[in-house]
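Here are a few friendly notes to read alongside the coordinates.

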Amino acid sequence: MNNRNATGLDAELLNDFFAEADEHLLGIRQALLQLEASVNKAQPDPKVVENLFRNFHSFKGISAIVGLGAAEAVAHTTEDFLRLMRSGKTQLSAKGLEVLMAATQKLEQLVAAFRQQKPLPSYESLLAELKQQCETPSDSEPVTKLPTAPMAASDTTLWTSVDEARSRGLQLWKYAFTPSKKINAQGVNVNTVREQLLKVGEILKSTPIIKAQGEIVFEFLIAARNAPTDIADWETRGVTIQLLPQEETEIPAASPEEETHNPFLAPSHVVRVDLKKLDELMRITGEMVIHRSRLETQIAQLNRDSRRVDLRAVQEVSGGLGRSLRELREAITRVRLVPVAEIFARMPFVVRDLARQSDKKVQLKLEGQDTAMDKYLIERLKDPLLHLVRNAFSHGVETTAERVAMGKPETAVIELRASNAGDSVIIEVRDDGQGINPNAILQQAKKLGLEIPEVLDNEAILKILCASGFSTRDDADRAAGRGVGMAVVNATVRELGGSLTLESEEGRGTRFTLRLPLTLAIAETLIVEAGGQTCAVPQSSVREVLHVQDEQIKTVNGVEAIPYRTAVLPVIRLTGLFRLKNVSKPKHCLLVIESERGSIGLLADQILGQREVVVRVLRDPLVQVKGISGATELGDGKPVLILDGAALTSGNVRPPERFNTPAKTSM
Amino acid sequence: MSDNVESYVLFELADNVYALPSRNVLHIEMFEHVTLVPNANPAIDGVVFSRGQVMPALNLRVRFGLPREKNTVRTRIIFTTIHDRAVGLIVDSAREFRSFPASELRPVEETLTGINDKYLRAVVKLRERVVLILDLEAVLNLNDVQLPSEALTLVENTTSKV
């Protein structure tokens, strides 16, 4: 019954494991980056080491719970190494840091393989390296294991801890917990049992075991001084207790390589929530309950005597309810926000890994890691950003020799920067490499039979890069060949309601800019109308609204424009956008639309109001057109299009000259 | 004889009877409102909102090169689905369900109808009429329709003023 695999493990437990594992890995990665500064110092920053130690330790614990022995062993040995470092018995060498990073990567791979039910990668050589690190030359003292390693669980250590526990006069008990719906309803689950067990004694080992009927049992090996007194009490919680005879402690031989993999749920999109944010949700919900009871009172009043209903009171309740709803929505939105550090923190490892196997030196700069984004967006952006960073490394950055020859600094810089701009998050991936050679792109496009644009500007280049099937010679190489192509990057960004732009200068570098909505669902918009057509303009792209007279609009070089501040603003008529008949009106509303690409004036007949709308992305290719970022519905069953400020100002949507000679606007 | 009987939604367009497999039909609605989408294919009348989703509305008459007709009380939108897409088809009317065994489906003969037979999958001959079974995938693939080059530019003022 040494079945260490976790088949049938409680899905929730697994979800928790993956979420927690991610969290610890994130913490480890960040600490490792800080640790880099401590290389070859007598004493690395103790706080950082402590932080690392804690993360690896917790990682070990949760790996044990789900029976991921391989990760447990790696984390355990890493912990040993860190313990030495913490006690000042060893220095942190460059090699040591590298091994720590390798261990982190191995843990990542193990978790990923576990998650995808793939065979686990081998980790023995890494373990050997780690052990070697523990035996630093200067250190003749044998490595002492802390006697009370609470979760000692890699198998050799398990034996030692069993022996060691016995030598301290402790008895070994086997507590077997069988979860059931009934018990669960009483609030008892494997975690609560675990917590209680910690009070009983030391948990030497915990193993989930699958019984023939598909039932799952968690076995905990406990070292305790006294016999349990409350056996009956434990039994009501589904736990049976058994004293293990002195000699035959059964310890399953772990051979992680033989582990079969378990069916499990798709990777969960778990958001860990700050309690304060939940409290806020609770408070708002409470307010809404009060509003509702006030409303009920008024309705009851209405039933009795409609004349006595205080209309003002009802309106007040309605207003309060609306306010609470808005707050609730905002609060939920905030709960969904997580920092981009979740993606950024893994990039240094990607770059380091690539650099090691190439003749390039690259420094990765991260900025704006605290910028928060919707969890869903973060998840979806992981692969595209990884691709862009790999691209920057393999296509953008030159080799050290090439850089020196060109008089550039030896070390290239790849910069990942996140920032907020209104309702958007902007993520830039920039490198100071060789830039994109338009001719090479052109050649490749011709070879593939892609449409050749007249002017090969950045936008045209991006279009070619994002054409499906486009690849350059390097695409098969290690860095860029894996993962997703530019076509997928572009498609993902678009699907998320965002935009992708490229700036590249030969010899100077390349910058990809992803512009994404802060949250997916809701946007503050101005509802405008022209010629009977209603549409919504995101307020984040509206700089101001002016009332203009028709005669203020002039035609300059065949394009309508209007003097604005010290310059001239090109004008787009909403009616023109929808190809509606242009009814001449003396007065218009002019929305000054601004994005990082420029400004235009959008001419509408009137502004109907200001609304928060739920944005629905137009997914079908039949209605994916430039200038429209999505649609919404204002409660009357009619979809209203949401204009895309960035596209309107891009020049793509600027009026072509030949169509724009309005008869009425004589100069 | 193990004949696969499949259910179809029958609808009319320019006096012809067409059919779509029921499994491709989400639901059918009266034609009420469509929101124009600038720069979409000419066959796309716009987007409609139905059951919490915003979907393109494809005018099947325009798609088949038939003259556009005014919408009437009989005009229907058939909300179809295929490969995770959801698209509304605007048709003259839609009234009935019929089931045909697969053995009754006949290959499409050319010159049977005015429309291009590449949008048809099969033909079923009933006693009194011919039912044309649509190839939904082909119908929704607008890549074979050449867009006028101006349509790629979003802004055009009304031609009446040029």
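Predicted model: local features only at pLDDT ≥ 70, side-chain atom pairs only at ≥ 80, totals over all residues.

1. In chain A, α10(A) packs with helix α11 (residues 311-335) at an angle of about 160 degrees, and their axes are 9 Å apart. Angles over 145 degrees count as roughly antiparallel, and α10(A) and α11(A) are therefore roughly antiparallel to each other. The crossing of α10(A) and α11(A) is left-handed. As for the residues of this contact, 13 are nonpolar, five polar and seven charged.

2. Please have a look at Arg292(A) while you are there. Arg292(A) sits in helix α10 (residues 275-304) of chain A. With 51% relative accessibility, against a cut-off of over 50%, Arg292(A) counts as exposed. From Arg292(A) to Gly320(A) the C-alpha to C-alpha distance is 9.8 Å, while in sequence the two are 28 residues apart.

3. Next, the sheet. In which order do the six strands of the open sheet in chain A run? The order is β14-β18-β19-β17-β16-β15, with mixed pairing. At the edges are β14 (542-549) and β15 (554-556) of chain A, each of which pairs on one side only. On average, neighbouring strands of this sheet are turned by 40 degrees against each other, direction ignored.

4. Within that sheet, strand β18 (residues 587-595) and strand β19 (residues 598-604) of chain A run antiparallel and are joined by seven bridges. To pick out a residue, Leu590(A) has Leu603(A) in β19(A) as its bridge partner.

5. Now for the aromatic rings. The count over all chains is nine aromatic pairs. One of them, Phe17(A) with Phe114(A), is edge-to-face, at 5.9 Å centre to centre and 90 degrees between the planes. Phe17(A) belongs to helix α1 (residues 11-35) and Phe114(A) to helix α4 (residues 94-115) of chain A, so the pair ties together parts that are 97 residues apart in sequence. Are Phe17(A) and Phe114(A) buried or exposed? Both are buried.

6. A second pair has another geometry to check. Phe177(A) and Phe218(A) have ring centres 6.4 Å apart and planes at 25 degrees, so this pair is stacked. Phe177(A) lies in strand β1 (residues 171-177) and Phe218(A) in strand β3 (residues 216-224) of chain A, and the pair links distant parts of the chain, 41 residues apart. Phe177(A) and Phe218(A) are both buried.

Note on methods:
Residues numbered from 1 in each chain as written. Chains lettered and ligands numbered in written order. Heavy atoms only, no water. Helix = DSSP H or I, 4+ residues; strand = E, 2+ residues; numbered from the N terminus. Buried < 20%, exposed > 50% of the residue type's maximum accessible area, 1.4 Å probe, protein only. Pairing = 2+ DSSP bridges. Axes fitted to C-alpha atoms, helices over the stretch in contact; angles between N-to-C directions. Parallel < 35°, antiparallel > 145°, perpendicular 65-115°, else oblique. Left-handed = near helix turned anticlockwise from the far one by under 90°. Nonpolar A, V, L, I, M, F, W, Y, C, P; charged D, E, K, R; others polar. Phe/Tyr/Trp six-rings, centres within 6.5 Å; stacked < 30°, edge-to-face > 60°.
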